[in-house]
Amino acid sequence: MDNSDKQYHQIAQLTTAQSDAPLDRIGYGSCGSIWADSSLFPYIDIYGCNSSSTEPITSVGEEAVFPIVLKRADGLPDRSLTNEAVIHRHILSTLDKFNSDNQQCSASSPAGPRLDGGGNIFTDGHVVNIPRHVAFFEPSAPMWNQILPRLPSDSTTCQALVSERILPLPRDSRALLANKFWDGPAHLRENIVNDKRNEHCLVRPYLGRRRCRNLKAGTQRTTEEEGDENKVMVDERPGHLRLKTRGLISLRNYPLHVDQIEELVLPAGEYAAAMADALAFLLWGCEVDACDVEFVLARPRPQDSLAHDMASIGTRKFSTSNLGPHALWILDFDCCKPLSMTMEGVYLAAERFWRNDPYYPTPTSTSGTSGDASNNNLKNKTGNDEFLWKIFKGLFLEVSTRIMDWKLETKTAAWKSDGQVEGTYGGQARQQKLLPVEFIKRVEETVGVYSKGIPIFFSSS
Ligand SMILES: Nc1ncnc2c1ncn2[C@@H]1O[C@H](COP(=O)(O)OP(=O)(O)O)[C@@H](O)[C@H]1O
Ligand SMILES: [Mg+2]
């Protein structure tokens with residue numbers, strides 16, 4: 001079976017070749033809507049299932065497949081999926097190269113602790129999964145003939161990306177969130193847990209924000225939480241679930257603030273370490289600015305026959321916790337751009353760091369100011385926030401050095417074979433190795449300078 005046959009088998013999950021049943025819309029954002037056939041993978045959400053179960057990959061026909069989603073570019077007119085497809089593939093191919101070089105490296109010099117400078121860069125790192133890429137469709141793709149009948153009748157062809165589905169957290173995890181954080185009428189708790197929509201439960205770990213902001217009585221929820229189905233509705237105390245007037249409650253993309261992570265006794269330090277690895281890899285390994293990427297806690301990948309094809313940074317599982325087995329995933333690369341390996345690039349990356357949703361741990365101000373008024377969170381920092389920032393910063397710098405060494409070794413060979421003089425590429429290599437320290441310095445210097453969100457001028461940059 002060649003690659004195009006394999007691709008066809010994967011995509012069959014979304015087509016009339018597999019079923020005539022309508023696809024489920026499991027999410028949407030400003031770029032477009034996300035669709036999947038959940039019925040193919042019933043283990044994704046079996047009521048009352050044991051959350052530690054990891055089932056083997058299912059098959060369509062005779063071919064083993066993993067669950068997939070279709071991202072349709074039916075959102076804002078200025079958003080294109082072409083860029084996302086290019087960046088997503090670039091990240092995966094860099095990761096592939098990186099992991100295979102690392103395997104060879106660990107085989108020849110067995111990995112020691114992360115600080116000893118030898119062995120596999122991410123050996124001791126926690127798993128961060130990146131959804132596998134399956135296909136990219138233009139509006140003219142013949143495949144639409146078999147997909148459109150499964151979408152709402154007014155749907156038209158458009159650009160679309162097909163990629164691996166991030167498996168949602170199971171019912172037990174939804175029950176945990178509802179039990180801990182729903183403080184509305186108790187009889188509605190079961191409804192939240194059993195709501196079909198909430199089966200697509202992904203949790204956003206917000207290591208950079210606490211819920212308990214000093215909001216005045218009667219303050220409305222913040223505009224960033226307003227009007228986006230994917231953001232959980234919160235009441236005046238952000239992070240508390242509340243019933244929307246339309247009667248909807250969402251556990252999709254549930255923002256789990258650092259104080260909630262503490263309340264659930266989840267391994268915040270391990271999440272910080274995993275994010276440090278992931279950000280270092282995107283910035284220096286892939287040379288991508290990580291603009292607006294999303295991190296979610298979701299199911300780990302099943303232990304499956306495709307294990308050799310893992311699109312993952314790191315190998316270590318998170319400590320056992322009452323959320324059950326879970327992994328960190330990164331998604332949504334449509335706003336990402338190539339990052340120049342210069343000080344200009346460093347400044348841009350620091351701005352992207354602050355403008356993203358508050359996934360990363362953050363430093364407190366080194367200049368003695370508490371930041372701008374929009375960043376109330378800075379006033380609520382605790383010792384644990386400092387601790388998380390220390391973990392993040394330490395590992396980010398350590399891993400960045402290793403990634404730079406790996407990249408520059410590869411590049412130096414290319415530069416040499418291009419006939420460049422040693423002085424030139426040696427100078428470039430030395431200059432690039434300073435960038436991670438400059439990045440951290442810039443982040444620490446710009447506490448409270450940037451507010452969240454992509455600036456309006458971004459789309460034309
Ligand atoms: N591969 C995936 N698996 C599962 N859910 C996904 C996947 N991709 C996106 N989603 C869900 O759909 C939402 C919107 O998708 P996203 O790629 O962020 O679109 P946009 O670029 O418009 O923001 C995500 O926040 C997430 O909840
Ligand atoms: Mg998004």
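Helices and strands here are DSSP runs, numbered from the N terminus. The model on your screen is predicted.

**Stop 1: the whole chain**

Show the protein chain as a cartoon. The chain has eleven helices and 13 strands. Now colour by burial. Of the 461 residues, 41% count as buried. Next, think about contacts between residues at least 6 apart in sequence. Among these, 80% join residues at least 24 apart.

**Stop 2**

Select Glu287. This residue sits in the loop between H7 and strand S11 (294-298). Check its backbone: phi is positive, about 55°, although Glu287 is not a glycine.

**Stop 3: H7 against H9**

Select helix H7, residues 268-285, and helix H9, residues 383-417. Two packed helices are described by the angle between their axes and the distance between the axes. For H7 and H9, the angle is about 35° and the axes are 8 Å apart. H7 passes H9 in a right-handed crossing.

Now show side chains at the contact. From H7, pick residues including Ala272, Met275, Ala276, Leu279 and Trp284. From H9, pick residues including Leu388, Phe392, Leu395, Val399 and Lys407. What classes of residue meet here? The contact has 17 nonpolar, three polar and two charged residues.

**Stop 4: the cores**

Select Phe392. Set aside its neighbours within four places in sequence. Phe392 is then in contact with Ala272, Met275, Ala276, Tyr360 and Pro361.

Zoom out to the largest nonpolar core, which has 82 residues. Which residues have the most contacts inside it? They are Ala272, Met275, Ala276 and Phe392. H7 gives this core its largest share, 14 residues. A second, separate core has 24 residues, among them Leu23, Ile26, Trp35 and Leu151.

**Stop 5: a glycine in H9**

Go back to helix H9 and select Gly394, which has its place there. Gly394 is partly exposed, since 16 other C-beta atoms lie within 10 Å. Gly394 and Ile440 are 46 residues apart in sequence. In space, their C-alpha atoms are 9.9 Å apart.

**Stop 6: around ligand 1**

Select ligand 1 and the residues that surround it. How many residues surround ligand 1? There are 23, and the closest are Gly27, Gly29, Cys31, Ile166 and Asp332. Two elements give two or more residues each to this shell: strand S1 (24-28) and strand S5 (68-72). The largest share, three residues, comes from S1. Colour the shell by class. You will find nine nonpolar, eight polar and six charged residues.

**Stop 7: Asp332**

Stay at the ligand and select Asp332, one of the closest residues. Asp332 is in the loop between strand S13 (327-331) and helix H8 (343-355). Its phi is near 70°, a positive value in a residue other than glycine. Why does Asp332 count as buried? It has 20 C-beta neighbours inside 10 Å, and the cut-off for buried is 20 or more.

Notes:
Residues are numbered from 1 along each chain as its sequence is written. Chains are lettered from A and ligands numbered from 1 in the order in which they are written. A residue is near a molecule or strand if its C-beta atom, placed from the backbone, lies within 6 Å of it. Helices (H or I, at least four residues) and strands (E, at least two) are DSSP runs, numbered from the N terminus. Ala, Val, Leu, Ile, Met, Phe, Trp, Tyr, Cys and Pro count as nonpolar, Asp, Glu, Lys and Arg as charged, and the others, Gly among them, as polar. Axes are lines fitted to C-alpha atoms, for helices over the stretch in contact, and angles run from 0 to 180 degrees between N-to-C directions. A crossing is left-handed if the near helix is turned anticlockwise from the far one by less than a right angle, and right-handed if clockwise. Two residues are in contact if their C-beta atoms, placed from the backbone, lie within 7 Å. A residue is buried if 20 or more other C-beta atoms lie within 10 Å of its own, exposed if 12 or fewer, and partly exposed in between; C-beta atoms are placed from the backbone. A nonpolar core is a set of buried Ala, Val, Leu, Ile, Met, Phe, Trp, Tyr and Cys residues joined through C-beta atoms within 7 Å.
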